[in-house]
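Welcome to a short tour of a protein model. Please take a moment with the sequence and the 3D view, and then read on.

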Amino acid sequence: MGKTTISKIVVETCSAIWDKLLPTYLPEPTVDMWKSNSKDFYKNWNFPNCLGSIDGKHMRINQPQNSGSMYYNYKHFFSIHLLAVSDANYKFVMVDIGAYGRESDGGVLKNSEFFKKLQNKELNIPNNAELPNTNIKVPYTFIGDEAFPLLVNILRPYPGKQLINNNKKTVFNYRLSRARRTVKNTFGILSSKWRILNKVIETNIENAIIITRAVCILHNVVLTHNKQPIQNIIQSLSEEKIANISDGRRNNRFSTDARDTREIFANYFIINLFKYIIDMIDIDTLITEVEKEECLWNINSSNYMEKHCKTKAWINVASVIFKNWDTFSSKKQESYAKNEQAAACRQRVDTSVERVLTIVCSTEFILY
């Protein structure tokens, strides 16, 4: 059988896979489906009112004829763009395939059919809902990285320069980045399962789009019927395929309503964090233990500037206030102590509840 014939068979098969399986494995979401996604995000990733995680991926292709630099991306290879929204269980909810590789994630989003429907309120997004354990109503949102615009229905992290000595924004960024890992993990699973994506797709643009569509929908088919725990798949992937850090271009324009929505979420996360702290530890005990370690708060102490003394002091404090401290490994204990020490160095520690809570709030233990 000739190469041309095989090529036609592959393309026809991929087209049939997309056409036949689309209604079942990548349907247009309904209100109930969006609400189900939101419940999963809150249950699995502790992020309420989240409809999906959005990001882009570059699919390598050969340079198309007479295309100039239209398909040449900032990573210095030719590609078409895969823009995707994933749910909390690493399945695709929406895909947009075929944009020029030179476009940023934000630019691809702006020109996508998904964005047009979002702007025209045609995505069947549920009405505003209350945040868990509050009477505050906020919109359902998608979450993305700095490359995407901040909108009422799309949240992105605070810029790094706003995080200095700002625990509220730091906690918000942590929560958002943790939940946003779902789409990065989705791309990692996709590349791991379908090795054609790990090299150049050696065909024309139209066929590359058809193949990528088929791969995306087969990804959902596999995860739907896969009996292996999804975490086993995630752990088997390399860090290169599942990266948490965005290297896309940034989009800094946003409206007042979008800013206010992000602020509501940020306030919600920090308030719940303080409630968690208060429920988890005895504040009086914490203050008493900090008072015992003068090197943490007394600038006249001879050990005030000694890092190893402060690390030891924080270990002493943590061993008392955390009931399960003995179950931590020595490496993890040292890590928590260093985080507490770093927070203490940023401001003088006194015995007020507010100051002590701020320090504890900054630790890795609380964030996880």
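## A strand to start with

How many of the 11 residues of β1 are buried? The count is 10, so β1 is largely enclosed by the rest of the structure. Here buried means under 20% relative accessible area, exposed means over 50%, and partly exposed lies in between, using a 1.4 Å probe and protein chains only.

## About the model

This is a predicted model, in which local features need pLDDT of at least 70 and side-chain atom pairs count only at pLDDT 80 or more, while totals for chains, interfaces and linings use all residues. Residues are numbered from 1 along each chain as its sequence is written, and side-chain values use heavy atoms, with hydrogens and water left out.

## The whole chain

The protein chain has 13 helices and 7 strands. Helices (H or I, at least four residues) and strands (E, at least two) are DSSP runs, numbered from the N terminus. Of its 368 residues, 47% count as buried. Among contacts in the chain with a separation of 6 or more, 67% come from residues 24 or more positions apart; a contact means heavy atoms within 4.5 Å.

## The sheet

Strands of a sheet pair through backbone hydrogen bonds, either parallel or antiparallel. Two strands count as paired if DSSP finds at least two bridges between them. Both senses turn up around β1: with β2 it runs antiparallel, joined by 8 bridges, and with β6 it pairs in the parallel sense over 3 bridges. To find these pairings in the 3D view, look for Met59, whose bridge partner in β2 is Ile80, and for Gly52, whose bridge partner in β6 is Phe142.

## The hairpin

Strands β2 (residues 79–86) and β3 run antiparallel and are joined by 7 bridges. Leu83 has Asp96 in β3 as its bridge partner, and His81 has Ala99 in β3. Together β2 and β3 form a hairpin with 5 residues between them, and Tyr90 in the turn has a positive phi of about 70°.

## Rings and charges

A pair of aromatic rings is described by the distance of the centres and the angle of the planes. Rings of Phe, Tyr and Trp (its six-membered ring) pair if their centres lie within 6.5 Å; planes under 30 degrees apart count as stacked, over 60 as edge-to-face and the rest as tilted. The whole structure holds 12 aromatic pairs. One of them is edge-to-face: Phe114 and Phe142 lie 5.2 Å apart, centre to centre, with 80° between the planes. This pair links distant parts of the chain, since Phe114 is in helix α4 (residues 113–119) and Phe142 in strand β6 (residues 141–143), 28 residues apart. Both Phe114 and Phe142 are buried.

Elsewhere, ring pairs link Phe47, Tyr158, Phe172, Phe265, Tyr268 and Phe269 into a cluster. Tyr158 also has Arg262 over its face, at 4.1 Å from the ring centre. The charged end of Arg60 sits over the ring of Phe77, 3.8 Å from its centre. A charge sits over a ring if NZ of Lys or CZ of Arg is within 6 Å of the ring centre and within 35 degrees of the ring normal.

A search of the whole structure finds 0 disulfides, a disulfide being a pair of cysteine sulfur atoms within 2.5 Å. For Cys309, the nearest cysteine sulfur is that of Cys295, 5.9 Å away. Cys309 is buried, with a relative accessible area of 19%, and Cys216 is buried at 1%.

Lys310 has its place in helix α10 and counts as buried at 4% relative accessibility. Its C-alpha atom is 6.3 Å from that of Cys295, 15 residues apart in sequence. Trp297, in the loop between α9 (283–292) and α10 (307–321), counts as partly exposed at 23%. The C-alpha atoms of Trp297 and Lys310 are separated by 9.9 Å.
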